[in-house]
Amino acid sequence: MNLSANLNKNFISFIEKFPPIPTNLQKLIKLLNDENSNFNKLEKEIAYNQSLSVNLLRLANSAYYGYNQSTASIAEAVKRVGINTVKKIAHIELIKTKLNKDLNSYKINARELWKHSLSTAIIAEYLSSHKYPSFKSKSFITGLVIDIGKICIDNYLSSQNIILFDEKNSINENYILNLERKIIATDHAEIGGLILKNWNFPEEIVLTIKYHHNPEDAPANTLKQSAIIHIADLLSLAAGYGYKIDKKDVKLSPKALKILNLKFDEVFELIEYNLINLEELIQRWLV
Ligand SMILES: [Fe+2]
């Protein structure tokens, strides 16, 4: 991924210094992605991470799974929720520490940021299950990391005492992208892709994040995923998570709609009728 030649050296060092994935989570994610991995090894690796184990047990014992008896066994908890949910919990564990800070340059606090990521993940997963089920699990994880580039940019701008904008009113993502490009000669989508590449995320997630604002430019093999994440991101904002935008101001890429074979109003209807309990779904993952 080639970065603009105009990037200043100071900022490049911020990207390079962005913390890597903690080794224990790296090991666990690798095991979760390996279909042939040994269950005992997986159980040990989960138990090694205390905060993740607590979240896994909390979820496995929640009313959602409907078991009468609560369990304190990691193996039993994994069996109850399934590997895909353990994958989600592992990525939430990875990302929650990064998102656990207010982004002063973007005038968004940690809680709003976290809820925007979770709602994007949930909407993207829903859209995938409706349109392209094979991308369902990856959609959730991609939604979670949608704003990772903003964290890195905020670290840099804060260190330079640069504020991106003064007013939170009438902010939209295009406005933010233009300001980022003006000030640092790149944007959070490109930086997000770069960080995920450094974290050894699958290439399709890296590219989906890179093109989440211009899915029409994504390589052919990531067009559908980019279209889903693009739409989920904007629907999350329209639902009031992050910068609240009115439905009439939501600018969905016409090509993204075409790729998913959906009309503007249909997208909203899908979410309004099927994710009426979005806040409840977000609370399920909030830790
Ligand atoms: Fe974005």
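View 1. The centres of domain 1 and domain 2, taken over C-alpha atoms, are separated by 27 Å. Domain 1 covers residues 19-82 and domain 2 covers residues 98-285, with bounds that come from an automatic or database domain assignment. The structure is a predicted model, in which local features need pLDDT of at least 70 and side-chain atom pairs count only at pLDDT 80 or more, while totals for chains, interfaces and linings use all residues. Residues are numbered from 1 along each chain as its sequence is written.

**View 2. The largest nonpolar core and the residues that touch the most other members.** A nonpolar core is a set of buried Ala, Val, Leu, Ile, Met, Phe, Trp, Tyr and Cys residues joined through C-beta atoms within 7 Å; a residue is buried if 20 or more other C-beta atoms lie within 10 Å of its own, exposed if 12 or fewer, and partly exposed in between, with C-beta atoms placed from the backbone. The largest such core has 81 residues, and the members touching the most others are Leu 56, Ile 228, Ile 231 and Leu 235. Helix H13 (residues 223-238) gives the largest share of this core, 10 residues; helices here are DSSP runs (H or I, at least four residues), numbered from the N terminus. Because domain 1 (19-82) and domain 2 (98-285) both give residues to this core, it lies between them. When residues up to four places away in sequence are not counted, Ile 231 touches Leu 127, Leu 252, Ala 256 and Val 267, where contact requires that the C-beta atoms of two residues, placed from the backbone, lie within 7 Å.

**View 3. The crossing of helices H3 and H5.** Helix H3 (residues 39-48) and helix H5 (residues 74-81) have axes that come within 9 Å and cross at roughly 105°; the axes are lines fitted to C-alpha atoms, for helices over the stretch in contact, and angles run from 0 to 180 degrees between N-to-C directions. H3 is therefore roughly perpendicular to H5, since angles of 65 to 115 degrees count as roughly perpendicular, those under 35 as roughly parallel, those over 145 as roughly antiparallel and the rest as oblique. Glu 43, Ile 46 and Ala 47 of H3 meet Ile 74, Ala 75 and Val 78 of H5. The residues of this contact divide into 5 nonpolar, no polar and 1 charged, where Ala, Val, Leu, Ile, Met, Phe, Trp, Tyr, Cys and Pro count as nonpolar, Asp, Glu, Lys and Arg as charged, and the others, Gly among them, as polar.

**View 4. Tyr 211 in the loop between H12 and H13.** Tyr 211 lies in the loop between helix H12 (203-210) and H13, and Tyr 211 is buried because 25 other C-beta atoms lie within 10 Å. Apart from neighbours within four places in sequence, Tyr 211 is in contact with Asp 217, Ala 218, Thr 222 and Ser 226. His 230 is 19 residues apart from Tyr 211 along the chain, and their C-alpha atoms are separated by 8.1 Å.

View 5. Lys 107 is found in the loop between helix H6 (83-96) and helix H7 (110-131), and its phi is near 55°, a positive value in a residue other than glycine. With 17 other C-beta atoms within 10 Å, Lys 107 is partly exposed. Asn 200, which lies in the loop between helix H11 (188-198) and H12, has a positive phi of about 60° although it is not a glycine. Asn 200 is partly exposed, with 13 other C-beta atoms within 10 Å.

**View 6. His 91 in helix H6.** His 91 is found in helix H6 and counts as buried, with 20 C-beta neighbours inside 10 Å. Not counting residues up to four places away in sequence, His 91 touches Ile 141 and Leu 144. The C-alpha atoms of His 91 and Asn 33, 58 residues apart along the chain, are separated by 12 Å.

Methods. Helices (H or I, at least four residues) and strands (E, at least two) are DSSP runs, numbered from the N terminus.
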